[in-house]
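Me: I am new to this structure and would like to understand the terms used to describe it. Please take me through them one at a time.

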Amino acid sequence: MSTATACTLIPPQLTDSPADPTVSDLVARAKDGDRQAWDALIERYAPLIWSICRRHRLGRADADDVGQSVWLRLVDQLDRVRDPAALPGWLATTARRECLRVLCATQGPRATMFALDVESLPDDRAGLGDQGLLAAERHAALREAFDQLPQNGKQLISLLIADPPLPYADISARLGIPVGSIGPNRSRYLDKMRRHPAVAALINA
């Protein structure tokens, strides 16, 4: 994922609710026993876990089993989370391992080998399930990176991905910044997003 195209990859819904809590806030509140924060974490990342289950062709009951196991493991590990930004990657890795566990328990070693083969397929052969997984992982990573931008960075990126597109002159007037500074600021904020741990993990993968 390049910084030149990152703007087009940010789902518009990420910028619709600037008051949404960051994952760091949610993890901190969940550690303190805030039930709403815990529910918000589940709502935010359940699609990611579900996509991984679909990629492994699990049925609904097995997928529910994987989801429950992943969240129970997170409960055990929550106090040890040092970098909340890396949570999407941890959830994805844990979900994959749980999928393999379920496949091995219900269908035997051959099913596990099939699942490992699925993991190694190139993106263009992994099918719709793989596309859903990649989209969910990318969405989660970009959301965390966007949430960590300063307020003026969020405003600039939001205006740059507006639909229909806004002329630079309009963005300049709305934000009170020179037209000539929009491009450099855009590059700086996108580079900051690219270096965010959650996004960097996807790039390195």
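Reply: Helices here are DSSP runs of H or I with at least four residues, strands are runs of E with at least two, and both are numbered from the N terminus. By that numbering, Thr94 lies in helix 5. The model is a predicted one, in which local features need pLDDT of at least 70, side-chain atom pairs count only at pLDDT 80 or more, and totals for chains, interfaces and linings use all residues. Residues are numbered from 1 along each chain as its sequence is written, and side-chain values use heavy atoms, with hydrogens and water left out.

Me: Why is Thr94 called buried?

Reply: Buried means under 20% relative accessible area, exposed means over 50%, and partly exposed lies in between, with a 1.4 Å probe and protein chains only. Thr94 has 8% relative accessibility, so Thr94 counts as buried. Contact means heavy atoms within 4.5 Å; leaving aside neighbours within four places in sequence, Thr94 is in contact with Val70 and Arg73.

Me: What makes Trp38 and Trp71 an aromatic pair that is edge-to-face?

Reply: Rings of Phe, Tyr and Trp (its six-membered ring) pair if their centres lie within 6.5 Å; planes under 30 degrees apart count as stacked, over 60 as edge-to-face and the rest as tilted. Trp38 and Trp71 are 6.0 Å apart centre to centre, with 75° between the planes, and form an edge-to-face pair. Trp38 belongs to helix 3 and Trp71 to helix 4, so the pair ties together parts 33 residues apart in sequence. Both Trp38 and Trp71 are buried.

Me: How do you know that Helix 8 and helix 10 are roughly perpendicular?

Reply: Axes are lines fitted to C-alpha atoms, for helices over the stretch in contact, and angles run from 0 to 180 degrees between N-to-C directions. Angles under 35 degrees count as roughly parallel, over 145 as roughly antiparallel, 65 to 115 as roughly perpendicular and the rest as oblique. The axes of helix 8 (residues 151-160) and helix 10 (residues 179-195) come within 10 Å and cross at roughly 110°. The two helices are therefore roughly perpendicular to each other. Among the residues that meet are Leu156 and Ile157 in helix 8, and Tyr189 and Leu190 in helix 10.

Me: What makes Arg188 lie over the face of Tyr189?

Reply: A charge sits over a ring if NZ of Lys or CZ of Arg is within 6 Å of the ring centre and within 35 degrees of the ring normal. Arg188 lies over the face of Tyr189 at 4.6 Å from the ring centre.
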